[in-house]
Amino acid sequence: MGAHRKGAVRAVRAAGGAPVGDRGRDRYFDTLRALALVRVVAYHAFGWPWAGLLFPSMGVMFGLAGTLMARSLQRPAAAVVRSRLRRLLPPFWCWGLFVVGAMLVRGWMPGWQIVYWVVPLGDPPGSAWGEQAWEILWYLRTYLWFVLLSPVLLRVFRLAPVPVLLLSLAPVVAFRFLWQPPENRFGTGLLDLATYLFCWVLGFAHRDGVLARLKPVAVVALSLAALACGAWYAFAHRAEYGTYDLDDIPLAQAFWSAGFVTLLMYAKERLRIDFSGLVRLRRLDRLVSVFNARAVTVYLWHELALVLAVPLIDRCWDVPAFETYLPLESQWFLLAVGWVLIAGFVVLFGWVEDVAARRRPRLLP
(Lines give C-alpha, C1' and ligand atoms only; values in the text may rest on other atoms or scores of the structure.)
Protein backbone atom coordinates (compact mmCIF):
# COMPACT_ATOMS: atom_id res chain seq x y z
CA MET A 1 0.00 0.00 0.00
CA GLY A 2 1.44 3.38 -1.01
CA ALA A 3 1.81 6.36 1.25
CA HIS A 4 -1.06 8.17 -0.46
CA ARG A 5 -3.39 5.20 0.05
CA LYS A 6 -2.40 4.88 3.72
CA GLY A 7 -3.02 8.57 4.27
CA ALA A 8 -6.48 8.33 2.71
CA VAL A 9 -7.42 5.42 4.94
CA ARG A 10 -6.20 7.25 8.04
CA ALA A 11 -8.21 10.31 7.05
CA VAL A 12 -11.41 8.34 6.64
CA ARG A 13 -10.88 6.48 9.91
CA ALA A 14 -10.17 9.71 11.73
CA ALA A 15 -13.46 11.09 10.44
CA GLY A 16 -15.29 8.10 11.90
CA GLY A 17 -15.95 6.35 8.61
CA ALA A 18 -15.05 2.96 7.26
CA PRO A 19 -11.91 2.39 5.22
CA VAL A 20 -12.31 2.88 1.51
CA GLY A 21 -12.22 -0.26 -0.60
CA ASP A 22 -13.99 -3.57 -1.04
CA ARG A 23 -14.30 -4.02 2.69
CA GLY A 24 -15.60 -0.47 3.27
CA ARG A 25 -19.06 0.01 4.71
CA ASP A 26 -22.03 1.23 2.69
CA ARG A 27 -23.41 4.08 4.80
CA TYR A 28 -26.78 4.00 3.04
CA PHE A 29 -27.31 0.38 4.01
CA ASP A 30 -25.80 0.95 7.45
CA THR A 31 -28.28 3.78 8.05
CA LEU A 32 -31.20 1.62 6.91
CA ARG A 33 -30.11 -1.13 9.31
CA ALA A 34 -29.85 1.34 12.19
CA LEU A 35 -33.31 2.75 11.40
CA ALA A 36 -34.72 -0.78 11.25
CA LEU A 37 -33.40 -1.54 14.75
CA VAL A 38 -34.74 1.73 16.15
CA ARG A 39 -38.16 0.99 14.65
CA VAL A 40 -38.16 -2.54 16.11
CA VAL A 41 -37.46 -1.22 19.61
CA ALA A 42 -40.11 1.49 19.29
CA TYR A 43 -42.66 -1.04 18.01
CA HIS A 44 -42.09 -3.34 20.96
CA ALA A 45 -42.37 -0.41 23.35
CA PHE A 46 -45.57 1.07 21.89
CA GLY A 47 -47.13 -1.76 19.88
CA TRP A 48 -48.05 0.59 17.02
CA PRO A 49 -49.90 -1.49 14.38
CA TRP A 50 -48.95 1.04 11.67
CA ALA A 51 -45.20 0.79 12.35
CA GLY A 52 -44.68 -1.90 9.73
CA LEU A 53 -46.42 0.20 7.10
CA LEU A 54 -44.20 3.16 7.93
CA PHE A 55 -40.99 1.13 7.78
CA PRO A 56 -40.98 -2.69 7.37
CA SER A 57 -37.87 -3.32 9.46
CA MET A 58 -37.70 -7.08 9.02
CA GLY A 59 -38.03 -6.89 5.26
CA VAL A 60 -35.28 -4.27 5.15
CA MET A 61 -32.98 -6.34 7.36
CA PHE A 62 -33.48 -9.50 5.31
CA GLY A 63 -32.89 -7.56 2.09
CA LEU A 64 -29.63 -6.12 3.40
CA ALA A 65 -28.54 -9.51 4.72
CA GLY A 66 -29.22 -11.08 1.31
CA THR A 67 -26.98 -8.51 -0.34
CA LEU A 68 -24.15 -9.19 2.09
CA MET A 69 -24.59 -12.94 1.71
CA ALA A 70 -24.35 -12.73 -2.08
CA ARG A 71 -21.15 -10.70 -1.74
CA SER A 72 -19.68 -13.18 0.72
CA LEU A 73 -20.46 -16.16 -1.52
CA GLN A 74 -17.68 -15.09 -3.86
CA ARG A 75 -15.69 -17.22 -1.41
CA PRO A 76 -16.28 -20.98 -0.90
CA ALA A 77 -19.80 -21.58 0.39
CA ALA A 78 -18.79 -23.81 3.32
CA ALA A 79 -16.41 -21.17 4.65
CA VAL A 80 -19.06 -18.45 4.34
CA VAL A 81 -21.68 -20.50 6.19
CA ARG A 82 -19.20 -21.32 8.97
CA SER A 83 -18.31 -17.64 9.27
CA ARG A 84 -21.97 -16.61 9.56
CA LEU A 85 -22.61 -19.27 12.20
CA ARG A 86 -19.56 -18.18 14.15
CA ARG A 87 -20.71 -14.56 14.12
CA LEU A 88 -24.29 -15.36 15.11
CA LEU A 89 -24.12 -18.12 17.70
CA PRO A 90 -21.80 -16.75 20.45
CA PRO A 91 -23.92 -13.59 21.03
CA PHE A 92 -27.01 -15.82 21.00
CA TRP A 93 -25.46 -18.19 23.55
CA CYS A 94 -24.41 -15.32 25.80
CA TRP A 95 -27.93 -13.91 25.79
CA GLY A 96 -29.45 -17.37 26.13
CA LEU A 97 -27.52 -18.12 29.32
CA PHE A 98 -29.39 -15.33 31.08
CA VAL A 99 -32.82 -16.06 29.58
CA VAL A 100 -32.67 -19.84 30.03
CA GLY A 101 -31.15 -19.42 33.50
CA ALA A 102 -33.96 -17.09 34.58
CA MET A 103 -36.63 -19.47 33.27
CA LEU A 104 -35.01 -22.45 35.03
CA VAL A 105 -34.95 -20.52 38.30
CA ARG A 106 -38.67 -19.84 37.82
CA GLY A 107 -39.37 -23.59 37.61
CA TRP A 108 -39.31 -24.15 33.86
CA MET A 109 -37.97 -27.53 32.72
CA PRO A 110 -37.32 -28.12 28.99
CA GLY A 111 -37.29 -31.39 27.09
CA TRP A 112 -35.04 -32.44 24.22
CA GLN A 113 -36.06 -29.29 22.35
CA ILE A 114 -33.46 -27.43 24.41
CA VAL A 115 -31.07 -28.28 21.55
CA TYR A 116 -32.64 -25.31 19.75
CA TRP A 117 -30.98 -23.11 22.37
CA VAL A 118 -27.66 -24.38 20.97
CA VAL A 119 -28.45 -23.92 17.27
CA PRO A 120 -31.83 -22.24 16.63
CA LEU A 121 -32.86 -24.22 13.58
CA GLY A 122 -36.32 -24.24 15.17
CA ASP A 123 -37.95 -21.97 17.70
CA PRO A 124 -36.24 -22.56 21.06
CA PRO A 125 -38.68 -23.64 23.79
CA GLY A 126 -39.45 -21.37 26.69
CA SER A 127 -41.85 -20.66 29.50
CA ALA A 128 -44.84 -18.34 29.26
CA TRP A 129 -43.15 -16.15 31.89
CA GLY A 130 -40.18 -15.51 29.60
CA GLU A 131 -42.09 -15.32 26.33
CA GLN A 132 -41.58 -11.60 25.79
CA ALA A 133 -37.83 -12.20 25.79
CA TRP A 134 -37.59 -15.31 23.60
CA GLU A 135 -40.39 -14.68 21.09
CA ILE A 136 -38.07 -12.46 19.03
CA LEU A 137 -35.89 -15.47 18.14
CA TRP A 138 -37.96 -16.19 15.03
CA TYR A 139 -35.75 -13.67 13.23
CA LEU A 140 -32.51 -15.48 14.14
CA ARG A 141 -34.06 -18.81 13.15
CA THR A 142 -35.21 -17.46 9.78
CA TYR A 143 -31.88 -15.74 9.15
CA LEU A 144 -30.01 -18.94 9.96
CA TRP A 145 -32.06 -20.95 7.48
CA PHE A 146 -31.56 -18.34 4.76
CA VAL A 147 -27.81 -18.54 5.37
CA LEU A 148 -27.86 -22.33 5.03
CA LEU A 149 -30.00 -22.21 1.89
CA SER A 150 -28.20 -19.31 0.20
CA PRO A 151 -25.57 -21.29 -1.74
CA VAL A 152 -28.37 -23.15 -3.53
CA LEU A 153 -30.70 -20.13 -3.73
CA LEU A 154 -28.00 -18.01 -5.33
CA ARG A 155 -27.26 -20.67 -7.95
CA VAL A 156 -30.96 -20.95 -8.83
CA PHE A 157 -31.31 -17.17 -8.93
CA ARG A 158 -28.43 -16.78 -11.39
CA LEU A 159 -30.04 -19.25 -13.81
CA ALA A 160 -32.95 -16.85 -14.43
CA PRO A 161 -32.65 -13.78 -12.18
CA VAL A 162 -35.83 -11.82 -12.92
CA PRO A 163 -38.23 -14.80 -13.13
CA VAL A 164 -36.80 -16.28 -9.91
CA LEU A 165 -37.12 -12.93 -8.15
CA LEU A 166 -40.77 -12.54 -9.17
CA LEU A 167 -41.58 -16.18 -8.37
CA SER A 168 -40.11 -15.82 -4.88
CA LEU A 169 -43.48 -14.38 -3.83
CA ALA A 170 -45.27 -17.53 -4.99
CA PRO A 171 -44.66 -19.64 -1.84
CA VAL A 172 -46.36 -17.17 0.52
CA VAL A 173 -49.34 -16.95 -1.85
CA ALA A 174 -49.53 -20.75 -2.03
CA PHE A 175 -49.37 -21.05 1.76
CA ARG A 176 -52.29 -18.63 2.07
CA PHE A 177 -54.61 -19.99 -0.60
CA LEU A 178 -53.53 -23.57 -1.43
CA TRP A 179 -51.98 -25.16 1.65
CA GLN A 180 -51.84 -23.94 5.22
CA PRO A 181 -48.56 -24.93 6.96
CA PRO A 182 -49.06 -26.78 10.26
CA GLU A 183 -48.98 -24.71 13.43
CA ASN A 184 -45.73 -26.14 14.74
CA ARG A 185 -42.02 -25.38 14.48
CA PHE A 186 -41.83 -26.67 10.94
CA GLY A 187 -44.87 -24.80 9.71
CA THR A 188 -43.98 -21.54 11.42
CA GLY A 189 -40.45 -21.66 10.08
CA LEU A 190 -41.65 -22.43 6.57
CA LEU A 191 -44.11 -19.53 6.63
CA ASP A 192 -41.48 -17.05 7.83
CA LEU A 193 -39.10 -18.17 5.09
CA ALA A 194 -41.81 -17.70 2.48
CA THR A 195 -42.75 -14.27 3.86
CA TYR A 196 -39.26 -12.83 3.49
CA LEU A 197 -37.93 -14.90 0.59
CA PHE A 198 -38.44 -12.08 -1.91
CA CYS A 199 -36.48 -9.61 0.24
CA TRP A 200 -33.57 -12.03 0.60
CA VAL A 201 -33.45 -12.79 -3.14
CA LEU A 202 -33.82 -9.06 -3.84
CA GLY A 203 -30.53 -8.69 -1.99
CA PHE A 204 -29.00 -11.09 -4.55
CA ALA A 205 -30.48 -8.99 -7.37
CA HIS A 206 -28.98 -5.83 -5.97
CA ARG A 207 -25.55 -7.37 -5.43
CA ASP A 208 -25.40 -8.92 -8.92
CA GLY A 209 -26.47 -5.68 -10.60
CA VAL A 210 -29.71 -7.20 -11.89
CA LEU A 211 -31.84 -4.59 -10.13
CA ALA A 212 -29.85 -1.69 -11.56
CA ARG A 213 -30.39 -2.93 -15.13
CA LEU A 214 -34.18 -2.98 -14.89
CA LYS A 215 -36.21 -0.13 -16.38
CA PRO A 216 -37.46 2.46 -13.87
CA VAL A 217 -41.06 2.36 -15.13
CA ALA A 218 -41.31 -1.41 -14.64
CA VAL A 219 -39.65 -1.37 -11.20
CA VAL A 220 -41.74 1.52 -9.86
CA ALA A 221 -44.99 0.14 -11.29
CA LEU A 222 -44.45 -3.35 -9.89
CA SER A 223 -43.28 -1.98 -6.52
CA LEU A 224 -46.33 0.26 -6.18
CA ALA A 225 -48.54 -2.68 -7.18
CA ALA A 226 -46.96 -4.83 -4.47
CA LEU A 227 -47.43 -2.05 -1.90
CA ALA A 228 -51.06 -1.62 -2.93
CA CYS A 229 -51.66 -5.37 -2.74
CA GLY A 230 -50.09 -5.62 0.71
CA ALA A 231 -51.99 -2.64 2.10
CA TRP A 232 -55.28 -3.77 0.57
CA TYR A 233 -54.95 -7.28 1.96
CA ALA A 234 -54.05 -6.02 5.44
CA PHE A 235 -57.03 -3.68 5.67
CA ALA A 236 -59.49 -5.91 3.80
CA HIS A 237 -58.78 -8.79 6.21
CA ARG A 238 -58.59 -6.66 9.33
CA ALA A 239 -61.65 -8.36 10.83
CA GLU A 240 -60.18 -11.82 10.22
CA TYR A 241 -56.86 -11.06 11.90
CA GLY A 242 -58.15 -8.53 14.42
CA THR A 243 -55.60 -5.97 13.26
CA TYR A 244 -53.90 -4.49 10.21
CA ASP A 245 -50.49 -5.02 11.81
CA LEU A 246 -48.31 -6.58 9.10
CA ASP A 247 -46.49 -8.73 11.66
CA ASP A 248 -49.71 -10.73 12.09
CA ILE A 249 -50.56 -10.98 8.36
CA PRO A 250 -47.81 -12.83 6.43
CA LEU A 251 -49.20 -12.26 2.94
CA ALA A 252 -49.58 -8.52 3.49
CA GLN A 253 -46.14 -8.38 5.09
CA ALA A 254 -44.56 -10.17 2.12
CA PHE A 255 -46.03 -7.86 -0.54
CA TRP A 256 -45.61 -4.61 1.41
CA SER A 257 -42.00 -5.47 2.26
CA ALA A 258 -41.33 -6.51 -1.34
CA GLY A 259 -42.50 -3.18 -2.74
CA PHE A 260 -40.92 -1.06 -0.02
CA VAL A 261 -37.48 -2.70 -0.03
CA THR A 262 -37.36 -2.79 -3.84
CA LEU A 263 -37.88 0.98 -3.98
CA LEU A 264 -35.20 1.55 -1.33
CA MET A 265 -32.64 -0.56 -3.15
CA TYR A 266 -33.54 0.67 -6.63
CA ALA A 267 -33.36 4.29 -5.49
CA LYS A 268 -29.82 3.65 -4.31
CA GLU A 269 -28.79 2.46 -7.77
CA ARG A 270 -30.67 5.00 -9.90
CA LEU A 271 -30.08 8.05 -7.69
CA ARG A 272 -26.56 7.03 -6.57
CA ILE A 273 -27.45 7.42 -2.91
CA ASP A 274 -24.55 6.51 -0.65
CA PHE A 275 -24.89 8.79 2.41
CA SER A 276 -21.16 9.42 2.22
CA GLY A 277 -21.80 12.88 3.67
CA LEU A 278 -22.77 11.20 6.93
CA VAL A 279 -19.06 11.12 7.79
CA ARG A 280 -19.21 14.89 8.32
CA LEU A 281 -21.90 14.45 10.99
CA ARG A 282 -19.53 12.72 13.36
CA ARG A 283 -21.90 11.95 16.23
CA LEU A 284 -24.63 10.61 13.97
CA ASP A 285 -22.10 8.66 11.92
CA ARG A 286 -20.67 7.23 15.12
CA LEU A 287 -24.14 6.18 16.28
CA VAL A 288 -24.82 4.43 12.98
CA SER A 289 -21.47 2.64 13.29
CA VAL A 290 -22.27 1.42 16.80
CA PHE A 291 -25.71 0.15 15.74
CA ASN A 292 -24.20 -1.84 12.89
CA ALA A 293 -21.30 -3.25 14.89
CA ARG A 294 -23.68 -4.25 17.70
CA ALA A 295 -26.79 -5.12 15.68
CA VAL A 296 -27.17 -8.64 17.11
CA THR A 297 -26.67 -7.40 20.67
CA VAL A 298 -29.23 -4.61 20.29
CA TYR A 299 -31.77 -6.98 18.75
CA LEU A 300 -31.35 -9.74 21.32
CA TRP A 301 -31.27 -7.59 24.44
CA HIS A 302 -33.83 -4.90 23.59
CA GLU A 303 -36.87 -6.85 24.80
CA LEU A 304 -35.17 -7.66 28.10
CA ALA A 305 -34.34 -3.97 28.46
CA LEU A 306 -37.98 -3.01 27.95
CA VAL A 307 -39.11 -5.68 30.41
CA LEU A 308 -36.65 -4.53 33.07
CA ALA A 309 -37.58 -0.89 32.51
CA VAL A 310 -41.05 -1.51 33.96
CA PRO A 311 -40.03 -2.56 37.54
CA LEU A 312 -37.28 0.06 37.46
CA ILE A 313 -39.83 2.79 36.75
CA ASP A 314 -42.14 1.32 39.41
CA ARG A 315 -39.39 1.89 41.98
CA CYS A 316 -39.16 5.53 40.89
CA TRP A 317 -42.66 6.11 42.27
CA ASP A 318 -41.21 5.64 45.76
CA VAL A 319 -38.99 8.71 45.31
CA PRO A 320 -41.09 11.91 45.75
CA ALA A 321 -38.86 13.99 43.49
CA PHE A 322 -39.08 11.42 40.68
CA GLU A 323 -42.84 11.15 41.10
CA THR A 324 -43.18 14.93 40.87
CA TYR A 325 -40.79 15.77 38.05
CA LEU A 326 -40.49 12.67 35.89
CA PRO A 327 -43.18 11.51 33.41
CA LEU A 328 -43.32 8.06 34.94
CA GLU A 329 -46.64 7.17 33.30
CA SER A 330 -45.46 7.99 29.79
CA GLN A 331 -44.61 5.23 27.32
CA TRP A 332 -42.00 7.58 25.91
CA PHE A 333 -40.29 7.59 29.28
CA LEU A 334 -40.41 3.78 29.24
CA LEU A 335 -38.76 3.84 25.82
CA ALA A 336 -36.08 6.26 27.06
CA VAL A 337 -35.28 4.04 30.06
CA GLY A 338 -35.26 1.05 27.74
CA TRP A 339 -32.65 2.68 25.51
CA VAL A 340 -30.49 3.46 28.55
CA LEU A 341 -30.62 -0.21 29.52
CA ILE A 342 -29.92 -1.29 25.92
CA ALA A 343 -26.84 0.92 25.97
CA GLY A 344 -25.78 -0.78 29.18
CA PHE A 345 -26.22 -4.22 27.64
CA VAL A 346 -24.22 -3.13 24.57
CA VAL A 347 -21.33 -2.10 26.83
CA LEU A 348 -21.56 -5.24 28.97
CA PHE A 349 -22.05 -7.85 26.25
CA GLY A 350 -21.42 -6.25 22.88
CA TRP A 351 -17.77 -7.34 22.95
CA VAL A 352 -19.01 -10.91 22.35
CA GLU A 353 -19.73 -9.86 18.76
CA ASP A 354 -16.09 -8.79 18.44
CA VAL A 355 -14.90 -12.15 19.72
CA ALA A 356 -17.30 -13.96 17.37
CA ALA A 357 -15.94 -11.94 14.44
CA ARG A 358 -12.35 -12.56 15.57
CA ARG A 359 -11.75 -8.89 16.27
CA ARG A 360 -10.14 -7.31 19.28
CA PRO A 361 -12.85 -6.99 21.97
CA ARG A 362 -13.95 -3.41 22.64
CA LEU A 363 -16.56 -1.88 24.94
CA LEU A 364 -17.73 0.27 22.02
CA PRO A 365 -16.69 -0.11 18.36
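Residues are numbered from 1 along each chain as its sequence is written, and side-chain values use heavy atoms, with hydrogens and water left out. In this predicted model, local features need pLDDT of at least 70 and side-chain atom pairs count only at pLDDT 80 or more, while totals for chains, interfaces and linings use all residues.

User: Is Thr142 buried or exposed?

Analyst: Thr142 is found in helix H7, residues 138-159. Helices (H or I, at least four residues) are DSSP runs, numbered from the N terminus. Buried means under 20% relative accessible area, exposed over 50%, and partly exposed in between, with a 1.4 Å probe and protein chains only. The relative accessible area of Thr142 is 0%, so Thr142 is buried.

User: Which residues does Thr142 touch, not counting residues up to four places away in sequence?

Analyst: Contact means heavy atoms within 4.5 Å. With residues up to four places away in sequence not counted, Thr142 touches Phe62, Asp192 and Leu193.

User: How is H5 oriented relative to H7?

Analyst: Axes are lines fitted to C-alpha atoms, for helices over the stretch in contact, and angles run from 0 to 180 degrees between N-to-C directions. Helix H5 (residues 77-105) packs on H7 at an angle of about 170°, with their axes 9 Å apart. Angles under 35 degrees count as roughly parallel, over 145 as roughly antiparallel, 65 to 115 as roughly perpendicular and the rest as oblique. H5 is therefore, relative to H7, roughly antiparallel.

User: How many nonpolar residues does the contact of H5 with H7 have?

Analyst: Among the residues in this contact are Val81, Arg84 and Phe92 of H5 and Leu140, Tyr143 and Pro151 of H7. Ala, Val, Leu, Ile, Met, Phe, Trp, Tyr, Cys and Pro count as nonpolar, Asp, Glu, Lys and Arg as charged, and the others, Gly among them, as polar. By class, the contact of H5 with H7 has no polar residues, one charged residue and, as nonpolar residues, 11.

User: How is H9 oriented relative to H10?

Analyst: Helix H9 (residues 170-177) and helix H10 (residues 185-207) have axes 7 Å apart and pack at an angle of about 135°. That makes H9, relative to H10, oblique.

User: Which residues have the most contacts inside the largest nonpolar core?

Analyst: A nonpolar core is a set of buried Ala, Val, Leu, Ile, Met, Phe, Trp, Tyr and Cys residues joined through side-chain atoms within 4.5 Å. The largest one has 97 residues. The residues with the most contacts inside this core are Phe62, Trp95, Trp117 and Trp200.

User: How many residues of H4 are buried?

Analyst: Helix H4 (residues 57-72) reaches 22 Å from its first C-alpha to its last, close to the expected 22 Å. The expected span of a helix is 1.5 Å times one less than its number of residues. H4 is mostly covered, and the buried residues number 14 of its 16.

User: What is the phi of Arg272?

Analyst: Arg272 is in the loop between helix H14 (250-271) and helix H15 (282-293). Arg272 counts as exposed because its relative accessibility is 67%. Although Arg272 is not a glycine, its phi is positive, at about 55°.

User: How far apart in space are Gln253 and Ala231, C-alpha to C-alpha?

Analyst: Gln253 lies in helix H14 and is buried, with a relative accessible area of 4%. Gln253 and Ala231 are 22 residues apart in sequence, and from C-alpha to C-alpha they are apart in space by 8.7 Å.

Notes:
Helix = DSSP H or I, 4+ residues; strand = E, 2+ residues; numbered from the N terminus.
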